Amino acid sequence: MEAAGTWALLLVLLLLVLTLALPGTRTRGHLPPGPTPLPLLGNLLQLRPGALYLGLLRLSKKYGPVFTVYLGPWRRVVVLVGREAVQEALGGQAEAFSGRGLVATLNGTFDGHGVLFSNGERWRQLRKFTTLALRDLGMGKREGEELIQAEARCLVEALRRTRGSPFEPSLLLAQATSNIICSLVFRLRFPYDNEEFKAMVRAAGGIVVGVSSPWAQTYEMFSRLLQHLPGPYTQLFGQLRTVAAFAVQQIQRHQRSLDTSGPARDLVDAFLLKMAKEKQDPNTEFTDKNLLMTVVYLLFAGTVTVSTTIRYTLLLLLKYPQVQERVQEELTRELGPGQAPSLWDRARLPYTDAVLHEAQRLLALVPMGLPRALVKTTRFRGYTLPQGTEVFPLLGSILHDPEVFKQPEEFNPGRFLDADGKFKKHEAFLPFSLGLLAGEPMPTGCPEPPASRQWPFQHPSSLPAAIPAPLTSTPPHCVDRMKKGNLGGGSLGGCHGHGCVS
Ligand code: HEM
């Protein structure tokens, strides 16, 4: 009798747990279709950790371009597949879809702070600050380009020193790209043999590998449970700590030497000056934590994204020597041997431009996009998506959409060229997503600086498309301002003064 009572109690408890863990039944509303979630598991049977992107693509064949899945029992996500669905949502209803969703593995560290992982007023202020500060310091402008050219010279020198013997270039490429962002953020360039710099760059790379691993995708599904347990994700937290410690050291150095009357020399200075200005404001978003998390994200974004793209492009050039030859021939013909290309040369380098675009398209570096969230309850394609619903815009499905890019798995730079061999833009070339960062106007109404559409350095979603043109096509007073930079002349001209040590 006693045993029967115990069993009955257990059964009731189990039913209670199952009911509570039944995914989203209470708030489902009129959501897009999707596979039926199981209690406790969500759609784990359809979505294998480690192959999440492929699982989502497979589901879209059955449920169409807009569908709902459950990552574990608690996390309901609306998935957007293909150009039309993503553009309609993120472009057509940009404001509604502008919230930031969760990256559970990074959430413990960022905790809703910094430019990438914040929401609402905090995000608006940090985004505006970051885009304007980066632009004022030279990103997408001549100054930024000079930085890149100087760093490229250092990189080539380091490559030459290997004297043609085989070596693994990943770290070097990541250090070179990281130095560009370090110049903008800290006004510092680090020698390639600096051990702390090496450790930070390695850790940033490790974070990328970490967040896309099977165990991290498991964590994305069951974080509420796993965050209390030990597991391989602790390694990821260690890597985040390494990047954060590097950032803290640089921020403290800036705090010690800040000239509150002077112009900001870099992004950290600009942030500290803003903090000082808003010190009395109890609602200010210019806080220590937002500074640190913005810098950590920029270090990470500036180090890993571009260097991975370069490494992948180099591999493609090795695999397709005829493409490599054509690029080299175009560069030599148009610029002369050994001459560094600049953004202003782009119109003369359509084939090189096409190769860079095609490599980025094929790579699809962020195939699942970064999670967004609905900032208000929204009608979309006849469905009602409740406020807070997470959205995955599958950028890889756009870049590999066979309706737009025929035989999308093939490396074919020709798809970015017209019949006359001129560079041809593709509306579906969206490796950086869309909507969120739609260009802030220049503060005093100057036109956008002549800039790259998407390459090589300026984040395309931060500045609207502009055709490269000679600097002289911009009114002289604006050229002057651009040269000086908007932070009171804080140009980066001299920051590579110490040349490339090591
Ligand atoms: C190949 C290079 C890169 C790729 C493919 C890439 C891709 C992306 C993607 C997909 C997003 C999410 C956008 C969204 O949710 O709509 C993003 C956001 C962002 N990226 Fe990049 N990125 C790259 C390089 C960089 C670099 C070099 C920087 C910094 C200098 C940077 C800074 C940012 C920032 C600040 C955001 C956050 C925007 C916001 O939340 O308002 N990215 N990037």
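A residue counts as buried under 20% relative accessible area, as exposed over 50%, and as partly exposed in between (1.4 Å probe, protein chains only). This is a predicted model, in which local features need pLDDT of at least 70 and side-chain atom pairs count only at pLDDT 80 or more, while totals for chains, interfaces and linings use all residues. Residues are numbered from 1 along each chain as its sequence is written, and side-chain values use heavy atoms, leaving out hydrogens and water.

**Overview**
- The structure holds 19 salt bridges, each being a side-chain nitrogen of Lys or Arg within 4 Å of a carboxyl oxygen of Asp or Glu.

**The E285 and R122 pair**
- E285 and R122 form a salt bridge, with their closest N and O atoms 2.8 Å apart.
- This pair links distant parts of the chain, 163 residues apart: R122 sits in helix 6 (residues 120-136), and E285 in the loop between helix 12 (267-277) and helix 13 (288-319).
- Helices here are DSSP runs (H or I, at least four residues), numbered from the N terminus.
- R122 is partly exposed, at 23% relative accessible area, whereas E285 is buried, at 14%.

**Around E334**
- E334 forms a salt bridge with R333 at 2.8 Å between the closest N and O atoms, and another with R348 at 3.9 Å.
- E334 lies in helix 14 (residues 321-335) and R348 in the loop between helix 14 and helix 15 (350-363), so their bridge ties together parts 14 residues apart in sequence.
- Both are partly exposed: E334 has a relative accessible area of 24%, and R348 has 38%.
- A network of salt bridges links E329, R333, E334, D345 and R348.

How values were computed:
Helix = DSSP H or I, 4+ residues; strand = E, 2+ residues; numbered from the N terminus.
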